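Here is a short briefing on one protein model. Look at the structure first, then read the points below.

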Amino acid sequence: MKKLITLLPGDGIGKEVTAEGKRVLDKIAQEFDHQFEFNEAIIGHDAIEATGHALPDETLAILKKADAILFGAVGHPHYDNNPSLKVRPEQGLLKMRKELGLYANLRPIKLFDELLEASSIKPEILRGSDILFFRELTGDVYFGERGRKDNDNTAYDVMIYSRYEVDRIAHKAFAAAQTRKKKLVSVDKANVLESSRLWRSVVQEVGKAYPDVELSHMFVDAAAMKLIQDPRSFDVVVTGNLFGDILTDEASQIAGSMGMLASASIGDSVGLYEPIHGSAHDITGKGIANPLASILSTALMLDISFGLKEESQHIIDAVSQTLKAGFRTVDIADSKTDKDKILSTEQMGAQVTQRIRANETVPAN
Ligand code: NAD
(Lines give C-alpha, C1' and ligand atoms only; values in the text may rest on other atoms or scores of the structure.)
Protein backbone atom coordinates (compact mmCIF):
# COMPACT_ATOMS: atom_id res chain seq x y z
CA MET A 1 0.00 0.00 0.00
CA LYS A 2 1.30 3.46 -0.89
CA LYS A 3 0.35 6.35 1.41
CA LEU A 4 1.45 9.91 2.10
CA ILE A 5 1.61 10.62 5.84
CA THR A 6 2.11 14.19 7.03
CA LEU A 7 3.98 14.61 10.30
CA LEU A 8 2.87 17.59 12.34
CA PRO A 9 5.02 17.38 15.48
CA GLY A 10 4.09 20.86 16.82
CA ASP A 11 5.58 22.05 20.10
CA GLY A 12 7.32 20.72 23.21
CA ILE A 13 7.25 16.94 23.61
CA GLY A 14 5.10 16.77 20.46
CA LYS A 15 8.36 16.65 18.51
CA GLU A 16 9.89 13.98 20.73
CA VAL A 17 6.97 11.56 20.66
CA THR A 18 6.10 12.03 16.98
CA ALA A 19 9.62 10.92 16.05
CA GLU A 20 8.88 7.59 17.77
CA GLY A 21 5.52 7.27 16.01
CA LYS A 22 7.34 7.68 12.70
CA ARG A 23 9.92 5.10 13.70
CA VAL A 24 7.12 2.57 14.21
CA LEU A 25 5.45 3.45 10.90
CA ASP A 26 8.79 2.99 9.11
CA LYS A 27 9.12 -0.46 10.65
CA ILE A 28 5.57 -1.41 9.65
CA ALA A 29 6.29 -0.30 6.06
CA GLN A 30 9.47 -2.36 6.02
CA GLU A 31 7.95 -5.50 7.57
CA PHE A 32 4.66 -5.50 5.67
CA ASP A 33 5.95 -4.16 2.37
CA HIS A 34 4.10 -0.86 2.31
CA GLN A 35 5.34 2.43 0.95
CA PHE A 36 4.78 5.18 3.49
CA GLU A 37 6.05 8.51 2.26
CA PHE A 38 6.41 11.29 4.86
CA ASN A 39 6.38 15.04 4.72
CA GLU A 40 6.32 17.54 7.57
CA ALA A 41 4.60 20.82 8.37
CA ILE A 42 4.58 23.39 11.18
CA ILE A 43 1.80 24.38 13.59
CA GLY A 44 1.50 26.10 16.97
CA HIS A 45 4.24 28.13 18.62
CA ASP A 46 6.86 27.28 15.97
CA ALA A 47 4.48 28.36 13.24
CA ILE A 48 3.66 31.62 15.02
CA GLU A 49 7.37 32.38 15.35
CA ALA A 50 8.00 31.62 11.67
CA THR A 51 4.89 33.11 10.05
CA GLY A 52 2.78 34.95 12.62
CA HIS A 53 0.00 32.34 12.26
CA ALA A 54 -0.69 29.24 14.36
CA LEU A 55 -1.85 27.34 11.27
CA PRO A 56 -0.20 28.88 8.19
CA ASP A 57 -1.88 28.46 4.79
CA GLU A 58 1.11 26.41 3.57
CA THR A 59 0.53 23.91 6.39
CA LEU A 60 -3.16 23.64 5.57
CA ALA A 61 -2.39 23.02 1.90
CA ILE A 62 0.02 20.21 2.84
CA LEU A 63 -2.50 18.65 5.24
CA LYS A 64 -5.25 18.63 2.63
CA LYS A 65 -3.09 16.48 0.34
CA ALA A 66 -2.19 13.89 3.00
CA ASP A 67 -3.67 10.42 3.31
CA ALA A 68 -3.34 10.70 7.09
CA ILE A 69 -1.77 13.08 9.62
CA LEU A 70 0.30 12.22 12.70
CA PHE A 71 0.06 15.18 15.06
CA GLY A 72 2.06 15.82 18.25
CA ALA A 73 0.81 18.72 20.39
CA VAL A 74 0.77 22.51 20.47
CA GLY A 75 1.35 24.91 23.34
CA HIS A 76 4.04 27.02 24.96
CA PRO A 77 4.42 28.60 28.41
CA HIS A 78 4.74 32.02 26.82
CA TYR A 79 1.05 31.87 25.89
CA ASP A 80 -0.18 29.91 28.92
CA ASN A 81 1.07 32.73 31.13
CA ASN A 82 -0.29 35.52 28.91
CA PRO A 83 -4.00 34.85 28.37
CA SER A 84 -4.39 38.23 26.65
CA LEU A 85 -2.19 37.33 23.66
CA LYS A 86 -4.34 37.35 20.55
CA VAL A 87 -2.43 34.84 18.40
CA ARG A 88 -2.19 31.52 20.27
CA PRO A 89 -0.93 28.01 19.47
CA GLU A 90 -4.28 26.33 20.30
CA GLN A 91 -5.92 28.38 17.55
CA GLY A 92 -3.94 26.27 15.10
CA LEU A 93 -5.56 23.13 16.45
CA LEU A 94 -9.09 24.52 16.45
CA LYS A 95 -8.71 25.96 12.94
CA MET A 96 -7.24 22.69 11.65
CA ARG A 97 -10.23 20.71 13.00
CA LYS A 98 -12.64 23.16 11.42
CA GLU A 99 -10.85 23.42 8.06
CA LEU A 100 -10.39 19.66 7.68
CA GLY A 101 -13.97 18.94 8.82
CA LEU A 102 -12.70 16.79 11.72
CA TYR A 103 -15.87 16.61 13.77
CA ALA A 104 -15.43 13.40 15.77
CA ASN A 105 -12.64 12.65 18.18
CA LEU A 106 -12.35 8.97 19.04
CA ARG A 107 -10.54 8.08 22.24
CA PRO A 108 -10.23 4.43 23.12
CA ILE A 109 -9.58 4.01 26.84
CA LYS A 110 -8.24 0.55 27.39
CA LEU A 111 -5.96 -0.47 30.16
CA PHE A 112 -3.00 -2.70 29.46
CA ASP A 113 -3.07 -5.33 32.23
CA GLU A 114 0.60 -4.64 32.91
CA LEU A 115 -0.32 -1.11 34.05
CA LEU A 116 -3.09 -2.04 36.49
CA GLU A 117 -0.89 -0.93 39.35
CA ALA A 118 0.19 2.35 37.72
CA SER A 119 -3.27 3.88 37.96
CA SER A 120 -4.44 5.75 41.01
CA ILE A 121 -7.67 3.72 40.82
CA LYS A 122 -7.89 0.29 42.48
CA PRO A 123 -7.00 -2.63 40.15
CA GLU A 124 -10.21 -4.56 40.96
CA ILE A 125 -12.28 -1.59 39.77
CA LEU A 126 -10.20 -1.07 36.65
CA ARG A 127 -9.58 -4.57 35.34
CA GLY A 128 -11.34 -5.13 32.03
CA SER A 129 -12.23 -1.46 31.43
CA ASP A 130 -12.66 -0.79 27.73
CA ILE A 131 -14.37 2.47 26.77
CA LEU A 132 -14.60 4.22 23.43
CA PHE A 133 -15.28 7.96 23.68
CA PHE A 134 -16.73 10.02 20.85
CA ARG A 135 -16.10 13.67 21.60
CA GLU A 136 -17.69 16.21 19.25
CA LEU A 137 -15.06 18.63 17.98
CA THR A 138 -16.49 21.45 15.95
CA GLY A 139 -19.22 22.96 18.14
CA ASP A 140 -19.86 23.96 21.77
CA VAL A 141 -18.31 26.83 23.74
CA TYR A 142 -15.12 26.56 21.72
CA PHE A 143 -16.83 27.92 18.64
CA GLY A 144 -19.79 29.93 19.96
CA GLU A 145 -19.88 33.70 20.23
CA ARG A 146 -17.56 35.05 22.89
CA GLY A 147 -16.66 38.41 24.27
CA ARG A 148 -16.50 40.89 27.09
CA LYS A 149 -19.02 43.50 28.16
CA ASP A 150 -19.82 45.82 31.05
CA ASN A 151 -16.50 47.58 30.72
CA ASP A 152 -14.62 44.29 30.71
CA ASN A 153 -16.27 43.14 33.94
CA THR A 154 -18.27 40.34 32.31
CA ALA A 155 -17.13 37.66 29.88
CA TYR A 156 -19.17 35.09 27.96
CA ASP A 157 -18.69 32.04 25.72
CA VAL A 158 -21.85 30.74 24.09
CA MET A 159 -22.46 26.99 24.17
CA ILE A 160 -23.97 26.22 20.78
CA TYR A 161 -24.91 23.04 18.89
CA SER A 162 -26.78 22.52 15.66
CA ARG A 163 -29.01 19.52 14.95
CA TYR A 164 -26.68 18.59 12.07
CA GLU A 165 -23.57 18.53 14.28
CA VAL A 166 -25.19 16.24 16.84
CA ASP A 167 -26.75 14.00 14.20
CA ARG A 168 -23.52 13.16 12.39
CA ILE A 169 -21.50 12.27 15.50
CA ALA A 170 -24.42 10.31 16.97
CA HIS A 171 -24.48 8.14 13.84
CA LYS A 172 -20.74 7.45 14.19
CA ALA A 173 -21.12 6.52 17.87
CA PHE A 174 -24.12 4.23 17.29
CA ALA A 175 -22.31 2.52 14.40
CA ALA A 176 -19.26 1.93 16.61
CA ALA A 177 -21.44 0.58 19.43
CA GLN A 178 -22.89 -1.97 16.99
CA THR A 179 -19.41 -3.44 16.57
CA ARG A 180 -18.82 -3.61 20.35
CA LYS A 181 -21.08 -4.38 23.35
CA LYS A 182 -23.98 -2.45 21.79
CA LYS A 183 -24.25 0.01 24.68
CA LEU A 184 -24.14 3.76 24.12
CA VAL A 185 -24.21 6.42 26.83
CA SER A 186 -24.87 9.98 25.69
CA VAL A 187 -23.53 12.54 28.17
CA ASP A 188 -25.08 16.00 28.48
CA LYS A 189 -26.44 18.49 31.01
CA ALA A 190 -30.03 18.50 29.76
CA ASN A 191 -31.45 19.38 33.18
CA VAL A 192 -29.89 22.84 32.82
CA LEU A 193 -28.69 23.60 29.28
CA GLU A 194 -30.83 24.19 26.20
CA SER A 195 -28.04 23.03 23.88
CA SER A 196 -27.99 19.76 25.87
CA ARG A 197 -31.76 19.35 25.44
CA LEU A 198 -31.30 19.59 21.68
CA TRP A 199 -28.35 17.19 21.93
CA ARG A 200 -30.45 14.63 23.81
CA SER A 201 -33.45 14.80 21.50
CA VAL A 202 -31.29 14.39 18.37
CA VAL A 203 -29.42 11.42 19.87
CA GLN A 204 -32.78 9.80 20.74
CA GLU A 205 -34.01 10.39 17.20
CA VAL A 206 -30.84 8.91 15.63
CA GLY A 207 -31.12 5.94 17.98
CA LYS A 208 -34.31 4.78 16.26
CA ALA A 209 -32.14 3.65 13.33
CA TYR A 210 -30.05 1.48 15.67
CA PRO A 211 -32.59 -0.62 17.62
CA ASP A 212 -29.92 -3.18 18.54
CA VAL A 213 -27.96 -0.55 20.53
CA GLU A 214 -29.06 0.12 24.10
CA LEU A 215 -29.04 3.93 24.51
CA SER A 216 -28.91 5.66 27.87
CA HIS A 217 -28.36 9.27 28.91
CA MET A 218 -26.28 10.59 31.75
CA PHE A 219 -25.68 14.07 33.11
CA VAL A 220 -22.04 15.06 32.90
CA ASP A 221 -21.61 15.38 36.65
CA ALA A 222 -22.94 11.86 37.21
CA ALA A 223 -20.81 10.54 34.33
CA ALA A 224 -17.68 12.07 35.87
CA MET A 225 -18.39 10.21 39.08
CA LYS A 226 -19.39 6.91 37.48
CA LEU A 227 -16.29 6.89 35.29
CA ILE A 228 -13.96 6.34 38.22
CA GLN A 229 -16.47 4.49 40.41
CA ASP A 230 -17.34 1.82 37.84
CA PRO A 231 -15.48 2.30 34.54
CA ARG A 232 -16.43 -1.19 33.34
CA SER A 233 -20.08 -0.16 33.12
CA PHE A 234 -19.28 1.96 30.03
CA ASP A 235 -18.93 0.74 26.46
CA VAL A 236 -19.30 3.64 23.99
CA VAL A 237 -19.77 7.22 25.20
CA VAL A 238 -20.79 10.16 23.00
CA THR A 239 -20.60 13.73 24.25
CA GLY A 240 -20.00 17.35 23.31
CA ASN A 241 -16.74 19.19 22.94
CA LEU A 242 -16.34 20.65 26.45
CA PHE A 243 -17.68 17.68 28.43
CA GLY A 244 -15.61 15.35 26.24
CA ASP A 245 -12.47 17.38 26.82
CA ILE A 246 -12.81 17.03 30.58
CA LEU A 247 -14.13 13.47 30.79
CA THR A 248 -11.45 12.02 28.53
CA ASP A 249 -8.68 13.57 30.61
CA GLU A 250 -10.32 12.09 33.69
CA ALA A 251 -10.54 8.75 31.90
CA SER A 252 -6.82 8.94 31.11
CA GLN A 253 -6.28 7.93 34.74
CA ILE A 254 -7.91 4.61 33.90
CA ALA A 255 -5.12 4.04 31.40
CA GLY A 256 -2.46 4.95 33.94
CA SER A 257 -1.10 8.11 32.33
CA MET A 258 -1.78 10.82 29.78
CA GLY A 259 1.21 9.34 27.97
CA MET A 260 -0.73 6.16 27.13
CA LEU A 261 -3.79 7.49 25.34
CA ALA A 262 -4.15 7.81 21.60
CA SER A 263 -6.91 9.50 19.67
CA ALA A 264 -8.26 9.80 16.17
CA SER A 265 -10.04 12.82 14.75
CA ILE A 266 -12.16 11.93 11.79
CA GLY A 267 -14.67 13.60 9.56
CA ASP A 268 -15.36 13.80 5.89
CA SER A 269 -11.81 13.58 4.54
CA VAL A 270 -8.31 13.06 5.96
CA GLY A 271 -7.93 11.54 9.45
CA LEU A 272 -5.73 13.09 12.13
CA TYR A 273 -4.09 10.93 14.81
CA GLU A 274 -2.64 12.30 18.01
CA PRO A 275 -1.81 11.55 21.62
CA ILE A 276 -4.34 13.17 23.95
CA HIS A 277 -1.64 14.89 25.99
CA GLY A 278 -0.32 18.38 25.43
CA SER A 279 3.17 19.76 24.86
CA ALA A 280 4.18 19.12 28.51
CA HIS A 281 6.73 21.90 28.99
CA ASP A 282 7.66 20.56 32.40
CA ILE A 283 9.40 17.59 30.75
CA THR A 284 10.27 18.95 27.29
CA GLY A 285 13.89 18.34 26.27
CA LYS A 286 14.52 15.84 29.08
CA GLY A 287 14.00 12.81 26.83
CA ILE A 288 11.58 11.20 29.29
CA ALA A 289 8.22 11.72 27.55
CA ASN A 290 6.21 8.55 27.08
CA PRO A 291 5.91 7.96 23.33
CA LEU A 292 3.32 5.16 23.63
CA ALA A 293 0.32 7.44 23.05
CA SER A 294 1.86 8.61 19.79
CA ILE A 295 2.76 5.04 18.86
CA LEU A 296 -0.76 3.84 19.65
CA SER A 297 -2.06 6.73 17.53
CA THR A 298 -0.25 5.20 14.55
CA ALA A 299 -2.11 1.94 15.27
CA LEU A 300 -5.39 3.85 15.07
CA MET A 301 -4.24 5.45 11.81
CA LEU A 302 -3.48 2.12 10.18
CA ASP A 303 -6.82 0.69 11.27
CA ILE A 304 -9.18 3.61 10.64
CA SER A 305 -7.63 5.49 7.70
CA PHE A 306 -5.90 2.64 5.85
CA GLY A 307 -7.92 -0.42 6.90
CA LEU A 308 -4.68 -2.21 7.90
CA LYS A 309 -6.13 -4.06 10.89
CA GLU A 310 -3.41 -6.71 11.11
CA GLU A 311 -0.60 -4.16 11.07
CA SER A 312 -2.47 -2.07 13.63
CA GLN A 313 -2.80 -5.06 15.95
CA HIS A 314 0.93 -5.76 15.59
CA ILE A 315 1.67 -2.30 17.01
CA ILE A 316 -0.69 -2.81 19.96
CA ASP A 317 0.80 -6.26 20.61
CA ALA A 318 4.33 -4.83 20.45
CA VAL A 319 3.39 -2.21 23.06
CA SER A 320 1.84 -4.88 25.24
CA GLN A 321 4.91 -7.13 24.94
CA THR A 322 7.21 -4.22 25.77
CA LEU A 323 5.22 -3.51 28.93
CA LYS A 324 5.13 -7.22 29.78
CA ALA A 325 8.91 -7.27 29.51
CA GLY A 326 8.91 -4.70 32.31
CA PHE A 327 9.95 -1.63 30.32
CA ARG A 328 8.48 1.69 31.44
CA THR A 329 8.94 5.40 30.96
CA VAL A 330 9.02 7.38 34.21
CA ASP A 331 5.35 8.36 34.11
CA ILE A 332 4.16 4.74 34.21
CA ALA A 333 6.88 3.34 36.46
CA ASP A 334 6.12 2.42 40.05
CA SER A 335 8.03 1.21 43.09
CA LYS A 336 8.21 -2.32 41.63
CA THR A 337 9.80 -1.21 38.35
CA ASP A 338 13.34 -2.45 37.80
CA LYS A 339 15.45 0.74 37.63
CA ASP A 340 17.32 -0.60 34.58
CA LYS A 341 14.04 -0.86 32.73
CA ILE A 342 13.08 2.79 33.04
CA LEU A 343 13.59 4.05 29.51
CA SER A 344 13.99 7.31 27.67
CA THR A 345 11.54 8.33 24.95
CA GLU A 346 13.84 7.01 22.23
CA GLN A 347 14.62 3.77 24.03
CA MET A 348 10.92 3.05 24.50
CA GLY A 349 10.28 3.72 20.80
CA ALA A 350 13.13 1.36 19.93
CA GLN A 351 11.84 -1.40 22.24
CA VAL A 352 8.40 -1.31 20.66
CA THR A 353 9.79 -1.10 17.13
CA GLN A 354 12.03 -4.12 17.53
CA ARG A 355 9.02 -6.20 18.60
CA ILE A 356 7.16 -5.53 15.36
CA ARG A 357 7.76 -8.46 13.03
CA ALA A 358 5.41 -9.42 10.24
CA ASN A 359 5.40 -13.13 11.08
CA GLU A 360 5.82 -13.18 14.80
CA THR A 361 5.47 -11.24 17.97
CA VAL A 362 8.61 -11.40 20.08
CA PRO A 363 7.70 -12.96 23.42
CA ALA A 364 8.21 -11.04 26.62
CA ASN A 365 11.54 -11.67 28.32
P1 NAD B 1 -0.04 18.21 29.26
O2 NAD B 1 -0.83 17.08 28.72
O3 NAD B 1 0.97 18.78 28.36
O4 NAD B 1 0.70 17.72 30.60
C5 NAD B 1 -0.03 17.35 31.77
C6 NAD B 1 0.90 16.52 32.67
O7 NAD B 1 1.06 15.22 32.11
C8 NAD B 1 2.30 17.12 32.80
O9 NAD B 1 2.78 16.90 34.09
C10 NAD B 1 3.13 16.32 31.81
O11 NAD B 1 4.47 16.21 32.14
C12 NAD B 1 2.43 14.96 31.84
N13 NAD B 1 2.51 14.33 30.52
C14 NAD B 1 1.79 14.66 29.42
N15 NAD B 1 2.15 13.89 28.39
C16 NAD B 1 3.10 13.05 28.84
C17 NAD B 1 3.88 12.04 28.24
N18 NAD B 1 3.74 11.70 26.94
N19 NAD B 1 4.79 11.38 28.99
C20 NAD B 1 4.94 11.68 30.29
N21 NAD B 1 4.23 12.64 30.92
C22 NAD B 1 3.33 13.31 30.20
O23 NAD B 1 -1.07 19.31 29.73
P24 NAD B 1 -0.81 20.78 30.33
O25 NAD B 1 0.40 20.77 31.19
O26 NAD B 1 -2.10 21.21 30.87
O27 NAD B 1 -0.53 21.70 29.07
C28 NAD B 1 0.78 21.99 28.56
C29 NAD B 1 0.61 22.71 27.24
O30 NAD B 1 0.03 21.83 26.29
C31 NAD B 1 -0.29 23.94 27.31
O32 NAD B 1 0.29 24.94 26.52
C33 NAD B 1 -1.60 23.46 26.72
O34 NAD B 1 -2.31 24.50 26.11
C35 NAD B 1 -1.11 22.46 25.69
N36 NAD B 1 -2.07 21.40 25.34
C37 NAD B 1 -2.11 21.02 24.04
C38 NAD B 1 -2.92 19.97 23.66
C39 NAD B 1 -2.90 19.56 22.21
O40 NAD B 1 -2.09 20.05 21.45
N41 NAD B 1 -3.75 18.63 21.79
C42 NAD B 1 -3.68 19.28 24.60
C43 NAD B 1 -3.60 19.67 25.95
C44 NAD B 1 -2.78 20.72 26.32
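A residue counts as buried under 20% relative accessible area, as exposed over 50%, and as partly exposed in between. Keep those cut-offs in mind while reading this predicted model.

- M225 sits in helix α9, which covers residues 220–229.
- M225 has 48% relative accessibility, so it counts as partly exposed.
- M225 and L247 are 22 residues apart along the chain, and their C-alpha atoms are separated by 9.9 Å.
- V202 belongs to helix α8, residues 194–207.
- V202 counts as buried because its relative accessibility is 2%.
- Beyond its neighbours within four places in sequence, V202 is in contact with R163, V166 and D167.
- A170 is 32 residues from V202 in sequence, yet the C-alpha to C-alpha distance is 8.1 Å.

**The nonpolar cores**
- In soluble globular proteins, nonpolar side chains tend to be buried together.
- Here, the largest nonpolar core has 82 residues. F36, F134, M260 and L292 have the most contacts inside it.
- Where does this core lie relative to domain 1 and domain 2? Domain 1 (1–104 + 259–365) and domain 2 (120–133 + 159–255) both give residues to the core, so it lies between them.

**Around F134**
- Residues up to four places away in sequence are not counted here.
- F134 touches N105 and L106, and also I169, K172, A173 and A176.
- F134 also touches V236, V237, V238 and T239.

Methods: Residues are numbered from 1 along each chain as its sequence is written. This is a predicted model: local features need pLDDT of at least 70, side-chain atom pairs count only at pLDDT 80 or more; totals for chains, interfaces and linings use all residues. Side-chain values use heavy atoms; hydrogens and water are left out. A nonpolar core is a set of buried Ala, Val, Leu, Ile, Met, Phe, Trp, Tyr and Cys residues joined through side-chain atoms within 4.5 Å. Buried means under 20% relative accessible area, exposed over 50%, partly exposed in between (1.4 Å probe, protein chains only). Domain bounds come from an automatic or database domain assignment. Contact means heavy atoms within 4.5 Å. Helices (H or I, at least four residues) and strands (E, at least two) are DSSP runs, numbered from the N terminus.
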